[in-house]
Amino acid sequence: MRKSYRECGQTILESTLSMLLLCLILMGLLQLFHLYVAQMLTDFSAFYTARSRSVGFADYIVERAGKALVVAASGPRSYPEENTSDEGVSSSSTSADEMMLHEYLSGERWLEYQYWSGQNEYGSEWSSRAEVSNTYFTQESSSLNNGLVESTVFFTNYPFPIFDLMDPDRVWFEGTGENTLINATSEVADYSIFYLEE
Amino acid sequence: MKMKSNASKKRRKYQGGQTLILAVLAVIIIAAAIVFLFDLQNIIRGKIKAQTAVDAAALVGAKWQMNSLNMIGELNIIKACTTIITDMPETASGKYSSNPLWGPNNNDVSCLSEASSLLSQMQVRIGFTGPLIGFGAAQQAAKNNGLNYVDEYCVELAQKYEYLSSEEGDVYYGSDVTIPALYGYSWREPYTEMIRNIMQYSDLDMPTGVAVNMNSCWVSEPLLSSDSNISNNYLSMKSIYTAINANYWCALTGLLREDFGDSKWWGNIELVMNSNSFRYESELLPLGLKYTFSGSGIYNQALDSGALYGPDDANEKIMDNSNTSSGYERPKESDLLHNNYDNEDPYLCDENGEYLYDADNNHIVYDAASYDIEITETGINKLYFINPATGNVVYPGLYTKDTDEYWAPLPRISWTVYDTEFWNPYSDADSDDWKDTWGKYLRKDFKEGYRYYGAVSCAGAIVQPKLISSKWNRLDSKSQDTENDYIGDALEFGGQSSSGGQSINQYASRLKSSEAAMRNGTISDIEVFSLAKSYGRIPVANGEYLTPCSVLMVLPVFERPLIIPVELEKPSDFTPDFKWAAFKREYLPLLGTVSNVDDMPALMAESYPEHWNAGWFSFYHNALVKLNNASWRQQGIDWLETVIDEDTEKTNEDTCNYWPSSGPGTRQAPSIPF
């Protein structure tokens, strides 16, 4: 009888531990997926940042173009604030986002997402750098005096809270938790070097 | 004891299943996440691939526009050279003769005019065939970069081909295959044949040649007209439908306050044909050219601008070669042909140099068969003849005024020129107009000589990647959902009392929004554009440059095609979205025939079952149903007019264009939509 009682507790304990472990693995995997989504969108953003720069857009538009493409990995919108009603500018829908991004790119409105400028608890920030690289010339492009635009786009302190559970002080894994860095680079031909002033 | 033991075993058995359920749940969630990642990767890869493909297509199109313009420009130069050389025969001593008897007579000028017409015919041929080659090459470039042909683009071009090749098109293109203005070139048959070949079209098969849509100016392009301002001002704007579906009131401030009346606020929408005159050049990737007979003015303008010959030898010119590295020396100024040539006919004048005119107020040309000319240094020359009986020189008291005393053929020469509707310089870089447009968008100003609007090559495509998550729609339907049921609704359990609950509701709302987009099939559509343009400029004196169109005559000055920002010169009616184009062509004209928007589903299912049943128009139809609802419109107006700050009386509408000065960055771009 005592043995049976112990077995019963053992099962509960095993089940609980198994569930905890499974939950941990599940949450961890989901956050890895989250990071991977951010990485893919950042790669895409790097391409478009470089392309925007290559056709001669001003720096602030290049930055907005890059930001617009990482919206899906930028956390909740902080300005204008989201709500769940179906009214007005703050509605949470992909169509409303599309319209607002359209206006943001053309300078008609201001948009802000939490991970763009350190507004979340981790202080996540997005930044980009697009510059003409004079050191990379192909044989063809050098004959055209046509360089490449190299862009680097990155999120710093991207949220990765699963490591908070494992390591509240975030010292186990360098480059994780508060220090999670997601970056991407891209190069495209610089067209504007031909028709815009130096 | 045995009973307890059985109960214990039973309990353990149930407890074991708990972990299994959790594990299965975890696997399902992870599988969904993997599917999502797979699809996202597919979409991003598709976007980059499609962008690269349309970039390549636009560049190739612009490359052939450049080739065509340069070839046409070369033929203009050949005309100019031929004209001058014909009029300036050299003597044995290598100098240009001042004796008019060495020069051509009026008959020679007529022959020259005919030669010019033949060259013009070649220019017209290039104007039709060059851009078409570019269009075909662009399709190949897009395919080489991974885009497949698009049925709808092929069908659209096939319809245009049918229109072009049938008698129906005679209204616009003319029934006679030989148009006099085109210098005898029978353009229509070879032109339609080229389009047919590009489409890879035969009577038996569907065309498969078109992978990207490119800018064109078809005279048969359908346009919409209505007696309702709402239709004319709003219903042809794609973004309006997005704003309506999203309840995005800020973009609807004007529309919501329109007078909708009691019924049929859209008016009688009709499809009209574009009645702009045919341009006599390829309608695909048009070059924007004109053919003119007013020869001397065109030539003189080019000459005076310094484009043909510069006033100094410090820079390259078109009609003399200063490229010493290639072994050529620029001719001395005195040897340049134009310095020994004037473009005036020898006309009769009085002894004071005043021209004489006939009864029709035209100049009187001198009779070269009857008189010789005694050249004087004053430019007013005496006419004489030799009496055959006496051998004496006789002066009849007639004078001519001309520097070279040769017939000027220029008024008989036709030139290919830029159509100022297409080609014109940007406004000056220092002007407010410039600062409000290009100057706001671009990093730097354009280089001198590149500030012009002209022929462009715009390419666009819609790609629909095959996504696993597109099966979502089927899952929804299997759960016996109605149109108004969404999984997102079921997850909206967070409540509004806590920030965590609100976050859950926000994510649920986004899920619902994504579901709706998946249902109407628009979420996976990848729409990409690219715009390329041929750049060139004309070097003149002192190292300065002119834009090509500042000299009206087309000259071979174009150097290379380059990608430019789409938003700045995209043709206004250009769209690669065939669903949107079909909506304008099929749905809206039919809407003009009914008085209730609810009648449309049955009517569309009967008239255009293929597109309607495929859901092409559901997004737009739903928006129109919404807009037709007076209470929904009032809801929007109420929101816009709601005061959110009693002190400043600021309304929601005031926040629509709000740009916080304290926020990062400043509002620098102009308020014109991309």
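Biologist: What share of the 674 residues in chain B is buried, and how do I read that word?

Modeller: A residue is buried if 20 or more other C-beta atoms, placed from the backbone, lie within 10 Å of its own, exposed if 12 or fewer do, and partly exposed in between. In chain B, 33% of the 674 residues are buried; in chain A, buried residues make up 42% of 198. This is a predicted model, in which local features need pLDDT of at least 70 and side-chain atom pairs count only at pLDDT 80 or more, while totals for chains, interfaces and linings use all residues. Residues are numbered from 1 along each chain as its sequence is written, and chains are lettered from A and ligands numbered from 1 in the order in which they are written.

Biologist: What is the average pLDDT of chain A?

Modeller: pLDDT is the predictor's confidence in each residue, from 0 to 100. Chain A averages 72, and 66% of its residues score at least 70. Two stretches of chain A can be named. The pLDDT is below 50 over residues 84-91 of chain A, a stretch with 24 contacts in the model beyond near neighbours in sequence. It also stays under 50 over residues 132-145 of chain A, where the model has 16 contacts beyond four places in sequence. A contact here means two residues whose C-beta atoms, placed from the backbone, lie within 7 Å.

Biologist: At what angle do α7 and α19 of chain B pack?

Modeller: Axes are lines fitted to C-alpha atoms, for helices over the stretch in contact, and angles run from 0 to 180 degrees between N-to-C directions. Helix α7 (residues 238-245) and helix α19 (residues 618-627) of chain B pack at about 65°, with axes 9 Å apart. That makes α7(B) roughly perpendicular to α19(B); angles under 35 degrees count as roughly parallel, over 145 as roughly antiparallel, 65 to 115 as roughly perpendicular and the rest as oblique. On the α7(B) side, B:Tyr241, B:Ile244 and B:Asn245 meet residues of α19(B) including B:Phe619 and B:Lys626.

Biologist: How does the pair α16 and α17 of chain B pack, and which residues meet?

Modeller: Helix α16 (residues 578-591) and helix α17 (residues 600-607) of chain B pack at about 130°, with axes 11 Å apart. That makes α16(B) oblique to α17(B). B:Tyr587, B:Leu590 and B:Leu591 of α16(B) meet B:Met600, B:Leu603, B:Met604 and B:Ser607 of α17(B).

Biologist: What is the phi of B:Tyr280, and what is that of B:Asn361?

Modeller: Most residues other than glycine have a negative phi. B:Tyr280, not a glycine, has a positive phi of about 60°, and B:Asn361 has a positive value near 65°. B:Tyr280 lies in the loop between β3 (270-273) and β4 (289-292) of chain B and is partly exposed, with 18 other C-beta atoms within 10 Å. B:Asn361 is in the loop between β5 (347-349) and β6 (372-374) of chain B; with 6 C-beta neighbours inside 10 Å, B:Asn361 counts as exposed.

Methods: Helices (H or I, at least four residues) and strands (E, at least two) are DSSP runs, numbered from the N terminus.
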